[in-house]
Amino acid sequence: MERKNEEEETETGKSELDASQIEYVSYGGEHHLPLVMSLVDQELSEPYSIFTYRYFVYLWPQLSFLAFHNGKCVGTVVCKMGQHRNTFRGYIAMLVVIKPYRGKGIATELVTRSIKVMMESGCEEVTLEAEVTNKGALALYGRLGFIRAKRLFRYYLNGVDAFRLKLLFPCPELYPSLPMIANKDESHSHNDHIPHEECCELHHHL
Amino acid sequence: MADDAAAEVFVPERTSIPSGDDSVWADVSPLLESACKDLRDGELIHGDNFNLFAAMSALEIMDPKMDSGIVCKYYSIDEAIENGAAPVPISINKTVDVQCTIDIMDHLLACEATWHKGHSLAQTVFSCIYLLRPDRTSSHALLHSYCRVIRATCKAVISVVSDARTHEEDDLFTMAYGLPLDGDGDEKCLSLLNAVEETISRQLRACKAPSSRRRVLEDMEPLQTNLDLEEGYCKALLCRLRFRKHFYHVLTSMRRPQGRGLELARKHIATCISELDCIYRSSDFLRSSACGTSEDGIENRTTASGCQPIGFDASLNCRLSAPTPPRAIKILSWKKAIEYFVKLLHDLDIICSYSLDPSLEGVLQFVVQFQKSQPDLVARAHLQLLLVQDGKLYGRDSMFTVITRAAVLPEVAKNHDVQKNEYFVQLGQLVINMLKILCTNAAWQRRKLGKMLQDWRVIYVQLEIAFRKEFGEVSSIPEDENFCVKIFQHILLWVEEQTYWIASRFLILGFELELYSPSEYCMVYWYIYVVLIKLSEKTHLKMAAKNDTGKRKGKKKRDSPKDVAREYRIPPAVLFLQCQICLAEGLTMMLAALRNEHMILQSRNPFNTEQERFIQHFELLQKACIPDHVSFHSFRESTTYARLSTLVMYNYFKDAQRIAKEAKSSFSNDPDKLAELRKIEQVAEHNSIALNVISRVGALDPTLKASFEFSHHPYFATAVVKRS
């Protein structure tokens, strides 16, 4: 339903910002709501009513995160989880990092935090939709292990197709040693070292 | 909250709406007013069923992005008309009137193309105020005839698409609630159109006639007042009217049963294309004679003249009728619209020139080939309606007949009573569903084919059980004596073959839809390889069974050594599959070897492994046991030990090349298959060379990197070796 023009950004010339200067905060209540809303509104032409935001952040506050730099909110992720047919699945609804802060691993960190909570909460898989033209988002989710499960024909009103992306968690009994569980910290720093294009994207049509 | 408020408020009974047996009407305004006092900004009263969909459907009133009401210029069609938004005549100056009419025609064409491309009818074609009030135009014969044929055409197109039900997730397409699709007398649209065309032809003849003859025609009033422009305007109008007429004929003749109107449709298609060319060429004249149009942005204009058309307001319907999202849509440019119609007509022409091949294999090949050019919805809907009519192929052959033919049974089998068996009836339905699905867009098609695999598997199992129940152990029955046994055996084999064909189509479509990332190519080619092996095995068995029948029949008459020799030849259809098998296997092993020798980057994912991605990609195939006993572990086993050094020794690509070359001689009459074989040869040749280069230089030069691209074939990748 919604699209964003993605600009590929590289790490070049942006090294002045230290990853440690970014502070990640779990959604903390109504005072965070205007921050989340303005960030999403700013990046997307199509607005959501306040009820849409509340739907997510009231029911799953633990799945929403905000990224701050010197007190300024520069990125956010909003998610949900629940029973879908026979599986318990997580869903990434909105992910935004404002332009000057893209390419620094912020989106990866935000979304990784949400996915971890989903995994710990017993989700079997995580899904989302991304526009086929949103190279940045597709690369980011690809690195996290998402596959393109389906293509959704003219999913967005502007006529652009979407991919449904899916991340399947390993079955614990089949797979006792997970890279993620085995060494959480390593995987974090690992992500930060990969130069990548951050993206902001609202995955709509829920 | 609402309950508390209700307790305090007296709800007076309203007398204006009479109460029914079970209902009493009450005015809730006081209740709401009092409830509002309790509510703070941003709060709402909701029931338990307030879900995400409800939250997202909520509108913030007066926000122009959400509230379509405030974007509207007019509150009603009448108000728009009163304000002069759609005057009739458009101008009292006849020249201006003609100019404006042409602009309306052009913009309508652009709207129509935009509609076909997936936007709502209400926001495109029916943004035309003239169309919304069918009677108002009756005094303006030219505009009236055009509006009528547009409404009739829209109706015909909606009927094709809704009958075919290929509109997939695009249900916007057929939504026409509240739109006046049935203008009074629209069904006679062609007679009025012909009359108007006749008048303008005479006006054109009159203005072209030498002055001596002009007197004879003097009673003929010219189209407009500027005689220098008369010829140009007459011509511009004529091609537009004729296009509409022939396009309407195309749509109606293609709908004739059993493909009887296809030949006629082709003639109309040819005329349509040439009229479109005239329309296109009229733009120089129209631009030069229109005043006040600048050349900037002419590419984006929706009319040939470049002028804004009169009488359109897309926001009117947002308020008044069929579902229209608040957001304004972009109408295709006039040039793009013409391109769209040319493509549509070419696609329809391909359908009309189809020979109505009686063999299912031929049908499938045709549909797959047709889909390669990515035809749009309207063309695909026509194809589907042609293929399946009244539950029969082309409305002619029953599905059982089609199946027995596909299963290479003798012609007499088609009348056998066994067709009444419920599983054969179900199988017929599956074939119909498959044909319909193959006519849908690639994204939808892949999903439906994936789900359908399960049905094919189930029907196979059911048929097999029914067969065993009826005949017990196969070996105990002398085959020749029981024709029914033969029917079962052949059809069972064919069902398996068809299932693997669907599976291969499912896998291959993933490339077209860009569902596979390069790190997944290895497992995808491996799966294609195992499916194609099974497919070729079943095809081979089917051919052998056919030869068996043929042999037995011919035995008495001729038993020449030539016949015996032919038996031992691998059938061309199998060779065709074999070269693809070699290519898929070669790619699997090459990708695996590159990975095993660390020549392509393998990133580790934090949350899962290759196994999960394998499970996800092939879930539907695995669920349907296609093929049996195939799992992630068998994939790992066959690829873990792949090494470049062994691959060079046993080069699958060379086999692919050799077999493709051999197969080509059998397909000299089939240009599509020949082209495919040529592409396979090219990919095989390139990959064979790449493999040699990597194995020779790779060990010495660590900067050498291999990547894969689809430069020679849409789904068999070509390796590209570069120094990084």
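A salt bridge is taken here as a side-chain nitrogen of Lys or Arg within 4 Å of a carboxyl oxygen of Asp or Glu. The structure is a predicted model, in which local features need pLDDT of at least 70 and side-chain atom pairs count only at pLDDT 80 or more, while totals for chains, interfaces and linings use all residues. Residues are numbered from 1 along each chain as its sequence is written, chains are lettered from A in the order in which they are written, and side-chain values use heavy atoms, with hydrogens and water left out.

Over all chains the structure holds 39 salt bridges. In one of them, Glu112(B) meets Arg244(B) at 2.8 Å, N to O; Glu112(B) lies in helix α6 (residues 94–116) and Arg244(B) in helix α11 (residues 227–254) of chain B, so that distant parts of the chain, 132 residues apart, are linked, helices being DSSP runs of H or I with at least four residues, numbered from the N terminus. Both Glu112(B) and Arg244(B) are buried, where buried means under 20% relative accessible area, exposed over 50%, and partly exposed in between (1.4 Å probe, protein chains only).

Lys117(B) forms a salt bridge with Asp376(B), with 3.3 Å between the closest N and O atoms. Because Lys117(B) sits in the loop between α6 and α7 (129–132) and Asp376(B) in the loop between α16 (360–371) and α17 (377–387) of chain B, the pair ties together parts 259 residues apart in sequence. Lys117(B) is partly exposed at 33% relative accessible area, whereas Asp376(B) is buried at 11%.

## Helix α22

Glu537(B) and Lys534(B) are joined by a salt bridge of 3.9 Å, N to O, and they are separated by about one helical turn because they stand three residues apart in helix α22 of chain B. Leu535(B), also placed in helix α22 (residues 521–554), is buried, with a relative accessible area of 5%. Leaving aside neighbours within four places in sequence, Leu535(B) has contacts (heavy atoms within 4.5 Å) that include Trp501(B) and Leu577(B).

## His617(B) and the cysteines

His617(B), in helix α25 (residues 610–617) of chain B, is buried at 6% relative accessibility. Beyond neighbours within four places in sequence, the residues in contact with His617(B) include Ile147(A) and Arg148(A) from chain A, and Phe506(B) from chain B.

No disulfide, defined as a pair of cysteine sulfur atoms within 2.5 Å, is found over all chains. For Cys100(B), the nearest cysteine sulfur is that of Cys307(B), 7.6 Å away.

Definitions and conventions:
Helix = DSSP H or I, 4+ residues; strand = E, 2+ residues; numbered from the N terminus.
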